[in-house]
Amino acid sequence: MKFVIINGNPDPENSLFENYIRRLEESLKTNNETETFTLREKDIKYCTGCWSCWLKTPGQCLTKDDSHEICARIIHSDFVLFASPVIMGFTSALLKKLQDKMIPLLHPYIEIVEDECHHLKRYESYPAFGLLVQRGDDTDNEDIKIINDIYKRLSLNFRSELKFTGIMNNNLEEVADEINNI
């Protein structure tokens, strides 16, 4: 399987997070093709809502940045793991910025799915999604539930499924095994 890990940690000094992601990637690589994108090291511009990705350059953001490469890897993968420390009750702004830049992976046209409006799929299939978070000192179970619910919605919007939600203080081997069994 092809796995993509999106490292949304904005703080390179957070060695606990960085080491966990590095070890997880190595563990997943034994059975899968695995690639990690560390967003703080990438040039990703904000979405301006110009709609060029739908009208002028269908399927690709008009702004030249690293989101083009990441989106291409995402759409050609089987599983995408969004990983982030919990910051002020949610995942990092780096992850949100990338998720906004993923909109070209869908069509601008709308259809009704389960009594809700959703964009038409641009591609035949989309990868499964996963979420891995590192609790902050002030993170409570309600924060984790809200984050999980929002990532379920993101998955639904991309005609995918949130197949995994984990917390970094869980045993790394168990996390890797659960992801490998998706």
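**Close-up views of salt bridges and a buried asparagine**

**View 1. Glu161 and Lys163 form a salt bridge.** The closest N and O atoms of Glu161 and Lys163 are 3.8 Å apart. A salt bridge here is a side-chain nitrogen of Lys or Arg within 4 Å of a carboxyl oxygen of Asp or Glu. Glu161 is partly exposed, at 46% relative accessible area. Lys163 is partly exposed too, at 43%. Buried means under 20% relative accessible area, exposed means over 50%, and partly exposed lies in between (1.4 Å probe, protein chains only). Elsewhere, salt bridges that share partners link Glu35, Glu69 and Arg73 into one network. The whole structure holds 11 salt bridges.

The model is predicted: local features need pLDDT of at least 70 and side-chain atom pairs count only at pLDDT 80 or more, while totals for chains, interfaces and linings use all residues. Residues are numbered from 1 along each chain as its sequence is written, and side-chain values use heavy atoms, with hydrogens and water left out.

**View 2. Glu111 pairs with Arg159 in a salt bridge.** Their closest N and O atoms are 2.8 Å apart. Glu111 sits in strand E4 (residues 106–113), and Arg159 in the loop between helix H5 (141–157) and strand E7 (162–167), so the pair ties together parts that are 48 residues apart in sequence. Helices (H or I, at least four residues) and strands (E, at least two) are DSSP runs, numbered from the N terminus. Glu111 is partly exposed, with 30% relative accessible area. Arg159 is partly exposed at 22%.

View 3. Asp100 is partly exposed, at 30% relative accessible area. Lys96 is partly exposed, at 43%.

**View 4. Asn7 is buried in strand E1.** The strand spans residues 2–7. The relative accessible area of Asn7 is 1%. Leaving aside neighbours within four places in sequence, Asn7 is in contact (heavy atoms within 4.5 Å) with residues including Phe17, Glu18, Ile21, Phe37 and Ala83. Thr36 is also one of these contacts. Asn7 and Thr36 are 29 residues apart in sequence, yet 6.9 Å apart in space, C-alpha to C-alpha. A polar atom of the Asn7 side chain lies 2.9 Å from the backbone nitrogen of Asn9.

Technical notes: Polar contact = N/O pair within 3.5 Å; in protein donor to acceptor, adjacent residues only side chain to side chain.
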